[in-house]
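This report describes one protein model for a reader working with its coordinates.

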Amino acid sequence: MDFQPYIPGITPANAGPLSRFTPPLEEGVISAWLPLHAAPFDPAHAARKPGSWLLDPFGFSPRLVLEAARAGYRVLVTVNNPITRFLLEMASNPPSEADFKAALADLSVAKKGNDRLGAHLQSLYLTTCEKCGGETYAESFLWRKGEEAPYARVYTCPHCEDAGERAATPQDMENARKIAGTDSLHRSRAFERVAELNDEYRIYAEEAIEHYLPRPLYFLTTVINRLDSLELTPERRRALRALILVACDAGNTLWDHPSGRRRPKQLNVPNQFREHNLWIELERGFSQWRETGPGVLFEAWPHKIPENGGICIYEGRLKELAQEVKKEIPIAAVIGSLPRPNQAFWTLSALWAGWLWGREAVEPYKIALRRRRYDWAWNATALNAAFTNLFELLPLGTPFFGLLAEPEPSFLTSALTAAGTAGFDLRSLAMRTEHDPIQILWTCGEHLKRGANEPSMEEVRSAIYLHLVERGEPASYLHVHAAGLIALAETHALRQKGQEFDDALRATNGLIQSALSGDPRFVHYSTGENVDTGLWGLNDVTLSRSPEPGEGAAKGLAAALPQNDMTESLADRVEVAVVTFLQKNPNSLYLDIEHELYPRFPGLLTPSKAMIYSVLHSYAEQDGAAWTLRAEDLASARRNELNTIIAMIETLGRRLGYSTSKRDKNYLWEEKDQIERAFYVLASALISRAIAETPYPPERSAIVIPGGRAGLAAYKAHRDPALAAHLKRYRVVKYRLLRTLAEVPVLTRETFDEQIASDPLEKSKSQMMMF
Ligand SMILES: [Zn+2]
């Protein structure tokens, strides 16, 4: 396999509507990948050949499709979720801000009895200020699961500016109970828009609607009812629907308090949750739909898209599309965010589709209401069906760029098993941290039926061992799991002939875990017992021992690596690479640094943002968005300082009555041919290297670093338990301590020893990002 570099992107400034449910992808990734793989360089058309067709068989990420279309590609998307379809349609051509505002104004001034609808709906959230007693609107009410009334409200008083979370008043509780009294009427209206009275799915719709409290349900049914009767232009109706959709999501009970950052996968009510003021959500909703990029053409199949790109939606099954596509359009590449089970979003999507468009819209998607349990075997089976259909319609060698967001070991096993057994060959897998999407490249394989091979524990072990050797430091379980999976994918051993996905996934995950836990070369760093948590590394003994003949392929390769490469940790190599780059390229953007670094550390070695930032904060300063090495960290300045410190160590040694010398990279203080102290002086935070090159007993060795590196060294020790264990035995001394000691007029050996024992590697405040 040819490990490709991770393609860096940018976290979008606006995550967009329903972002708790759409995959968290970075922007700029797909548009960087496409010109390299989906269209050969064509000088007549600048860097890309316009009009190439792409296929997204999952339609799971509207953002991904939109970005590809904006890059000038024609993207055919199969979507069966009506809400995702709507997100995609809206993103390709959102209504103007004026239309959003006009639509909301029309809704607001509609009559409700003698009142205006807007005033009536806002009054649902009236509360009194605890400080001045004035009337104000609650921004939200806070609830405990199962209770009949909220326990608190959050407001900002316009009269006295009192703001924050305050206990609910008896009136707040009374209001909540009052609206609950009329609930059954609104609730049955809400069911009826989704399923008919005698429909077998009705019970599932009822269960889903349980995730709405009476007040938001009253609010939403009132507004939705009005959506049908208001006279609006089609554009404003579309805008109002979009606002209501945002309110539909804001109105459910899946907003946990106080964290509020959960990405729900299941319809479970949190123990404490937030009931949003839905009028405020309607007013603010349009900002979520704002697009900064240009609009793109959006058509439904079989309408075609012109050569300058756009989105073509196919609202049916991939299987049915396959025959039509095969005849009509050549697919240059397949792209897609791999779907993961989300019972909450799928069930709510069916509900919202009914509310927004009526029962007919739910019909093709109704199954989502019923199916309550989605596990990884279900996921693998569904993905495998999609890959199998794809295989039928693609020419040999067609690339498939898949993004696996919110990765976890079982998800990765599911995806690789589903694709591999459908005839797709794994070409690359690039992974940063368990918080970033994994970037996977497959190609459509030989049309021959491939036999499934027996999985080999030894090959899994070798692959994991090699990854850890290459990394030079412990890795997360997800990383070693991926290394094992790749070995199994390459040998076509992920699923046996006729094996159910359920059994195949269990066997694979079990095999990788046994490979780790049953091998003394591997060390587990974890607070828990489970194999699939914490970090995995190599025994020191394993690393320093030279491989014996006939010990297997992995050892052979490891032996071929020079000793230094074997122990140089990824963190140390990243530090060197970043500093070298900045030395040559002052005023670099963070993204430039990632572009330089990722090809040097491809595949599973991709350094995290936190690691790169830790190096930057240690060595460089920022001017606007540009990073430049600090004056004192330019190579020449550092060299001078290094020489000063070395001279100081010699002077101090002589003052304390030792004879001083230099052996390899260590500065020694000796007495009667006995080594009393060894100093290894660094301008960097390459502590692992220093330890590897210090042959003296740790209690007599000191590693000397500039104070500006202490934060970086602490960061490294924090993420690498093997390094942290070493550092407990070695003294790390900062330049400034030696300078201070050099100034002390009467220095004794005892004072010196005491002082260097009390110079902790404190953690600097800005660098506590963990990954
Ligand atoms: Zn007040």
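The sections below take these topics in turn.

**Basis and overall chain**

The model is predicted, and local features need pLDDT of at least 70, side-chain atom pairs count only at pLDDT 80 or more, and totals for chains, interfaces and linings use all residues. Residues are numbered from 1 along each chain as its sequence is written, and side-chain values use heavy atoms, with hydrogens and water left out.

The protein chain contains 32 helices and 28 strands, which are DSSP runs numbered from the N terminus (helices H or I, at least four residues; strands E, at least two). Its C-alpha trace spans about 100 × 75 × 55 Å along the principal axes. Of the 771 residues in the protein chain, 54% are buried; buried means under 20% relative accessible area, exposed over 50%, and partly exposed in between, with a 1.4 Å probe and protein chains only.

Cys-129 is buried at 4% relative accessibility, whereas Cys-160 is partly exposed at 25%.

**Aromatic pairs**

The count of aromatic pairs comes to 30. Rings of Phe, Tyr and Trp (its six-membered ring) pair if their centres lie within 6.5 Å; planes under 30 degrees apart count as stacked, over 60 as edge-to-face and the rest as tilted. Two of these pairs involve Trp-669.

| Pair | Centre distance | Plane angle | Class |
|---|---|---|---|
| Tyr-658 and Trp-669 | 5.3 Å | 20° | stacked |
| Trp-669 and Phe-752 | 5.0 Å | 50° | tilted |

Tyr-658 is in the loop between α27 (635–655) and β24 (659–663), and Trp-669 is in strand β25 (residues 666–671), so their pair joins parts 11 residues apart in sequence. Elsewhere, ring pairs link Phe-58, Phe-387, Phe-391, Phe-400, Phe-424 and Trp-442 into a cluster.

**Pocket and cavities**

Rolling a probe the size of a water molecule over the atoms shows where empty space is left. On a 1 Å grid over the protein atoms alone, a cavity is a set of points where a 1.4 Å probe fits but cannot get out, a pocket is an open set with protein on both sides within 12 Å along at least five of seven lines, and lining residues have an atom within 4 Å of a point. Grid points are joined across faces, edges and corners, and a volume is the space filled by probe spheres set on the points.

The largest pocket has a volume of about 1300 Å³. It is lined by 39 residues, of which Val-79, Asn-80, Asn-81, Gly-316 and Tyr-365 are the closest to its centre. Elements giving two or more residues to this lining are α3 (82–92), α12 (318–328), α13 (343–357), α15 (367–370) and α16 (376–393); α16 provides the largest share, eight residues. The lining of the largest pocket comprises 23 nonpolar, nine polar and seven charged residues, where Ala, Val, Leu, Ile, Met, Phe, Trp, Tyr, Cys and Pro count as nonpolar, Asp, Glu, Lys and Arg as charged, and the others, Gly among them, as polar.

There are four cavities of 30 Å³ or more. The largest cavity has a volume of about 130 Å³, and its lining includes Arg-63, Trp-289 and Glu-291. Helices α2 (62–70), α3 and α11 (278–289) each give two or more residues to that lining. The second largest cavity has a volume of about 70 Å³, and its lining has six nonpolar, two polar and four charged residues.
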